[in-house]
Amino acid sequence: MGSHLCERFLANGHDVVCVDNLITGSLGNIDHLRDNPRFTLVRHDISQHLEIDKAVDNVLHFASPASPVDYLRHPIQTLKVGSLGTHNTLGLAKLHKARFLLASTSEVYGDPEQHPQREDYWGHVNPIGVRGVYDEAKRFAEAMVMAYHRSHGVDTHIVRIFNTYGERMRLDDGRVLPNFMGQALRGESLTVYGDGSQTRSFCYVSDLVEGIERMLFTNFHEPVNLGNPDEVTILEFAKEILQLSAGKNQIEYKPLPQDDPRVRKPDITRARKLLGWEPRVNRHDGLKRTLAYFQGKLQARVISPSKSSSAN
């Protein structure tokens, strides 16, 4: 997500300072940007204090492990970046009188009892469950953002991001889309948890970037859902991936993880009215582009060893 945002803001004439400790990120995602004189990479953990010695107009806080695999591997870091990282980035925005945008998540709704999810729904979250490290970190981050807005007058914005996909995801990300695509391309069984009746809604990355940019330059300060309301069951989604990849793979069922949400679908009425925004890329087209990207990544992995051996 961060690399796509850097591209957008550079294309629009901004100078961009990208801050990342690469705990889950990849330098390869920004290799094509590093020769741009208006792009600067700072290797830093934003849970630690950061100073920027030039004018800052906008601060976008996207730092956090975002997949269950990552935040269960890094639970303390996830909690720290949601609390200390949010505090540090808000302090930076306050110091520079900059706009601030928080990347929150649909996970603030937990395993929802309201469907689809509207921004005025307070959620159904298990604070001490294994997923609580991510869910509660983001809920706390939202509370801190609103406190800085109300107490210090910081120009803050919150987007609640629903499942997003596209180029530059990691195959080992752990989320359902790269899992399915990686398994399909490797000829493995696709792993469906539970009976596959749980639902998700997938938004292509270019649509999300458009919504984020529009949100940043509004005067609205409460959360806004950004996601694609085109809901699909996980089992249907697995079959779509198999059809797209022309795979003959089997589907393997495994027990449902603890606190896994049964449904997920954004109500984007607020985004439509406030931002004039809604997704444009349909799931079939977005999946085709993403599958082609993953095919290229897997082919590069296969080709690389043979190049190395021939060089020897």
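Helices (H or I, at least four residues) and strands (E, at least two) are taken here as DSSP runs, numbered from the N terminus. The structure is a predicted model, for which local features need pLDDT of at least 70 and side-chain atom pairs count only at pLDDT 80 or more, whereas totals for chains, interfaces and linings use all residues. Residues are numbered from 1 along each chain as its sequence is written, and side-chain values use heavy atoms, with hydrogens and water left out.

Thr218 is located in the loop that runs between α6 (205-216) and β10 (224-226), and with a relative accessible area of 12% this residue is buried (under 20% relative accessible area, with exposed meaning over 50% and partly exposed in between; 1.4 Å probe, protein chains only). The side chain of Thr218 reaches the backbone oxygen of Met215 at 2.9 Å, while a polar atom of that side chain lies 3.3 Å from the backbone nitrogen of Phe220. When neighbours within four places in sequence are left aside, Thr218 is in contact (heavy atoms within 4.5 Å) with Asp155, His157 and Leu275.

Grid points are joined across faces, edges and corners, and a volume is the space filled by probe spheres set on the points. The second largest pocket has a volume of about 360 Å³ and is lined by 14 residues, among which Glu119, Trp122, Glu142, Arg160 and Pro223 lie nearest its centre. Helix α4 (residues 132-152) contributes the largest share of this lining, 5 residues; by class, the lining of the second largest pocket comprises 6 nonpolar, no polar and 8 charged residues.

The count of cavities of 30 Å³ or more comes to 1, and the largest cavity has a volume of about 40 Å³. Its lining includes His61, Leu102 and Lys138, and α3 (75-96) gives the most to that lining, with 3 residues.

A search of the whole structure finds 0 disulfides (pairs of cysteine sulfur atoms within 2.5 Å). Cys6 is in no disulfide, as the nearest cysteine sulfur, that of Cys18, is 4.4 Å away, too far for a bond. Both cysteines count as buried, Cys6 at 7% relative accessibility and Cys18 at 13%.

Methods
On a 1 Å grid over the protein atoms alone, a cavity is a set of points where a 1.4 Å probe fits but cannot get out, and a pocket is an open set with protein on both sides within 12 Å along at least five of seven lines; lining residues have an atom within 4 Å of a point. Ala, Val, Leu, Ile, Met, Phe, Trp, Tyr, Cys and Pro count as nonpolar, Asp, Glu, Lys and Arg as charged, and the others, Gly among them, as polar. A polar contact is a pair of N or O atoms within 3.5 Å; within protein, one must be able to donate a hydrogen and the other to accept it, and residues adjacent in sequence count only if both atoms are side-chain atoms.
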